[in-house]
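Try each task before reading its solution.

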Amino acid sequence: MKSLKSHMGVVIATILILLWFTSLITGLHLDINYSSPLLYLLILVQTHLYTGLFITAHDAIHGTVSRNRWWNRKIGQFCALLFSYNFYGRLLPKHHEHHQFVATSKDPDYHHGGFFSWYVSFLKQYISWLQIVLMAVTFNIFKLFFPIENLILFWMLPAVLATFQLFYFGTYIPHKGHHSEKNIHKSKSQKFNHFLAFISCYFFGYHYEHHASPATPWWQLYKVKKHYHLKGYPYRS
């Protein structure tokens, strides 16, 4: 039991990866019926699992997936690649810059502007031409084995929706607007509701807490939220 607890990050990452593959394979073999609620539910589930892949890569950047540095890095690299060929080595310095220069001109995740211009800026930071080429090549190989419609609905669309989920709940909502001087992390935090926090973005709506404790993995952030909630820290100022 103690050994399992010390490897819980790897266990949770493995479960997420397996669920993502299972959901993807199910979707690729599904008979498409646009009148069936199951279709839309499966797309949402796949979107959430895509987001989970990115969150796992993010946790690896903070060294919280595994205490073994090699395994931590490899899991992070693998999850990043599964999310539309993101490259862990490119994500790592950008994310550390975000934490170091949060909500300033040096923050790669921050943008002075409205929602859509910020979203476009966010995508430019994390999408490269190499990714687009690799996605195009993979798509043309996959379409030899799976229906194009299924590929679009369960491999491509959920990845796009997941970028919106990550941006909206993990970047835009937490960092938009003015932050008081007391708010040293320049981050807002979602209201105390663990269920909504999980389904929205794996507890990353608890964003003040993440910046206050970046070494806490996503599945433990609710505990940090509880601590700060009781202390009455300035989440939304």
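**Exercise 1: the largest pocket**

The lining of the largest pocket holds 14 nonpolar residues, four polar ones and no charged ones. In this count Ala, Val, Leu, Ile, Met, Phe, Trp, Tyr, Cys and Pro are nonpolar, Asp, Glu, Lys and Arg are charged, and the others, Gly among them, are polar. The model is predicted: local features need pLDDT of at least 70 and side-chain atom pairs count only at pLDDT 80 or more, while totals for chains, interfaces and linings use all residues. Residues are numbered from 1 along each chain as its sequence is written, and side-chain values use heavy atoms, with hydrogens and water left out.

Task: state which helix gives the most to the lining of the largest pocket.

Solution. 
1. A pocket is, on a 1 Å grid over the protein atoms alone, an open set of points with protein on both sides within 12 Å along at least five of seven lines; a cavity is a set where a 1.4 Å probe fits but cannot get out, and lining residues have an atom within 4 Å of a point.
2. The pocket holds about 440 Å³ of space, a volume being the space filled by probe spheres set on the points, which are joined across faces, edges and corners.
3. Its lining has 18 residues, with Ser-84, Ile-127, Gln-131, Val-160 and Thr-163 nearest the centre.
4. Helices H6 (115-126), H7 (129-142) and H8 (148-175) each supply at least two lining residues; helices are DSSP runs (H or I, at least four residues) numbered from the N terminus.
5. With five residues, H8 gives the most.

**Exercise 2: the largest cavity**

Task: find which helix supplies the largest share of the lining of the largest cavity.

Solution. 
1. The whole structure has two cavities of 30 Å³ or more.
2. The largest cavity contains about 240 Å³ of space. Among its 17 lining residues, Phe-54, His-58, His-95, Asp-109 and Thr-171 are the closest to its centre.
3. H3 (37-61), H5 (88-100), H6, H8 and H10 (207-212) each supply at least two residues of this lining.
4. The largest share, four residues, comes from H3.
5. By class, the lining has nine nonpolar, seven polar and one charged residues.

**Exercise 3: the second largest cavity**

Task: say which residues line the second largest cavity.

Solution. 
1. This cavity has about 60 Å³ of space.
2. Its lining includes Gly-9, Ile-12, Ala-13, Leu-16, Thr-56, Asp-59, Thr-64, Val-65, Pro-217, Trp-218 and Trp-219.
3. H2 (8-28) and H3 each supply at least two of the lining residues, and the largest share, four residues, is from H2.
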